[in-house]
Amino acid sequence: MAIQWYPGHMHKARKEIEEVMPQVDLVIEVLDARIPYSSENPMVQTLRGDKPCIKLLNKSDLADPETTQRWIEYLEREQGVKAMAITTLQAGQVKKIPDLCRKFVPSRDKIEKDIRTMIMGIPNVGKSTIINTLAGRMIAKTGNEPAVTKTQQRINLRNGIVLSDTPGILWPKVDNEKSSYRLAVTGAIKDTAMEYEDVAMFAAEYFLTAYPEAIAERYKIKQMPDTDIELLEAIGRNRGALRPGGRIDLHKASEVLLHDFRAGRIGQLSLETPEMAEIEKAEVAKLLAEKEAKEEAKREQERLKRSGKRLS
């Protein structure tokens with residue numbers, strides 16, 4: 001499954017970010033703690049260049065705590081990056097962000113100049129809630145679905161921090177198919193852009209391996225099934241997701257699994273680890289290199305054809 005979802009306002013947002021970035025001292029990137037790799041927009045790295053960056057692993061209350069700590073250590077290997085796990089349910093955690101900004105850009109603080117920050121992140125990652133908590137008032141529109149923020153705005157927090165808010169932007173093409181699925185599982189992509197059953201089967205297959213005990217407890221399954229579809233059928237039976245004749249309604253069962261995961265009702269679960277990210281990055285790099293080699297070979301053939309026609 002290849003998810004392509006790049007509305008016009010996202011293309012416009014990228015251009016606006018490029019224009020503003022030279023005036024920014026510090027970038028704050030909000031990630032989903034359950035999928036730090038898949039929710040890390042590669043365009044942010046390109047756009048910010050060598051500017052320092054604070055990576056906020058939001059929704060940490062929904063993620064596996066041990067895995068989140070490993071992600072923090074992994075992300076901080078990059079020069080100029082500080083990572084911090086937060087949940088917008090605890091305002092005290094969010095309100096530590098300005099102090100972290102001052103420590104990261106002490107030069108601006110010393111000359112009593114506002115630190116110019118830009119907050120970025122994919123849709124539905126909690127960026128607007130973070131902004132409202134920092135500002136102490138409702139500034140950014142929030143909603144439990146992607147693409148709520150449509151325009152860029154500057155917010156003076158009146159504590160030495162000026163924040164540029166940006167719309168949640170996805171990149172035009174997600175090269176890693178597994179990341180596409182994870183973005184869909186967490187709800188970063190509108191549900192209308194995906195097939196519920198496909199996404200739920202991806203999640204079910206992973207949960208069978210990574211969190212079988214949590215799944216068994218949530219859905220009262222005594223004997224864990226071997227396959228993703230069997231797990232969905234077991235969930236369907238448990239929750240009465242049945243069609244006439246007693247057949248399992250896989251769509252309903254898929255909704256149950258995905259909604260339970262997103263709400264944290266199954267437990268604190270992460271969908272990826274740093275080790276998985278390293279393997280998948282290498283796989284994607286190999287695929288892209290092979291694709292580029294094929295395209296170059298095709299271009300070379302076309303050049304030879306054109307030159308042959310000219311000679312004849």
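Student: Just after α10, which residue takes a positive phi of about 55°?

Tutor: We're in a predicted model here: local features need pLDDT of at least 70, side-chain atom pairs count only at pLDDT 80 or more, and totals for chains, interfaces and linings use all residues. Residues are numbered from 1 along each chain as its sequence is written, and side-chain values use heavy atoms, with hydrogens and water left out. Helices (H or I, at least four residues) and strands (E, at least two) are DSSP runs, numbered from the N terminus. Helix α10 covers residues 212-219, and the positive phi of about 55° just after α10 belongs to lysine 220.

Student: Which helices do the buried residues of α10 pack against?

Tutor: "Buried" here means under 20% relative accessible area, with exposed over 50% and partly exposed in between (1.4 Å probe, protein chains only). In α10 that picks out Ala214, Ile215, Ala216 and Tyr219. Their packing partners are α9 (196-210), α11 (228-239) and α12.

Student: At roughly what angle do the axes of α10 and α12 cross?

Tutor: Two packed helices are described by the angle between their axes and the distance between the axes. Axes are lines fitted to C-alpha atoms, for helices over the stretch in contact, and angles run from 0 to 180 degrees between N-to-C directions. For α10 and α12 (residues 250-262), the axes come within 13 Å and the crossing angle is roughly 115°.

Student: And what does that make α10 and α12 to each other?

Tutor: The cut-offs are under 35 degrees for roughly parallel, over 145 for roughly antiparallel, 65 to 115 for roughly perpendicular, and oblique for the rest. α10 and α12 are therefore roughly perpendicular.

Student: How many nonpolar, polar and charged residues does the contact of α10 with α12 have?

Tutor: Contact means heavy atoms within 4.5 Å, and on the classes, Ala, Val, Leu, Ile, Met, Phe, Trp, Tyr, Cys and Pro count as nonpolar, Asp, Glu, Lys and Arg as charged, and the others, Gly among them, as polar. α10 brings Ile215, Arg218 and Tyr219, and α12 answers with Val256, Leu257 and Asp260. By class, that contact comes to 4 nonpolar, no polar and 2 charged.

Student: Why is β1 largely enclosed by the rest of the structure?

Tutor: Check both faces: Leu26, Ile28, Val30 and Asp32 sit on one side, Val27, Glu29 and Leu31 on the other, and all are buried. β1 is largely enclosed because its buried count is 7 of 7 residues.

Student: In β4, which residue is the bridge partner of isoleucine 28?

Tutor: β1 (residues 26-32) pairs in the parallel sense with β2 over 6 bridges, and isoleucine 28 partners isoleucine 54 there. β1 and β4 also pair in the parallel sense, over 5 bridges. In β4, the partner of isoleucine 28 is isoleucine 119.

Student: How many bridges join β5 to β6?

Tutor: All 5 of the 5 residues of β6 (161-165) are buried, with Ile161, Leu163 and Asp165 pointing one way and Val162 and Ser164 the other. β4 (residues 115-121) pairs with β6 in the parallel sense, where threonine 117 has leucine 163 as its bridge partner. β5 (residues 153-156) runs antiparallel to β6, and the number of bridges joining them is 4.

Student: In the hairpin of β5 and β6, which residue takes a positive phi near 60°?

Tutor: Across the two strands, isoleucine 155 stands opposite leucine 163, and arginine 154 stands opposite serine 164. The hairpin has 4 residues between the strands, and the positive phi near 60° belongs to arginine 158.

Conventions
Pairing = 2+ DSSP bridges.
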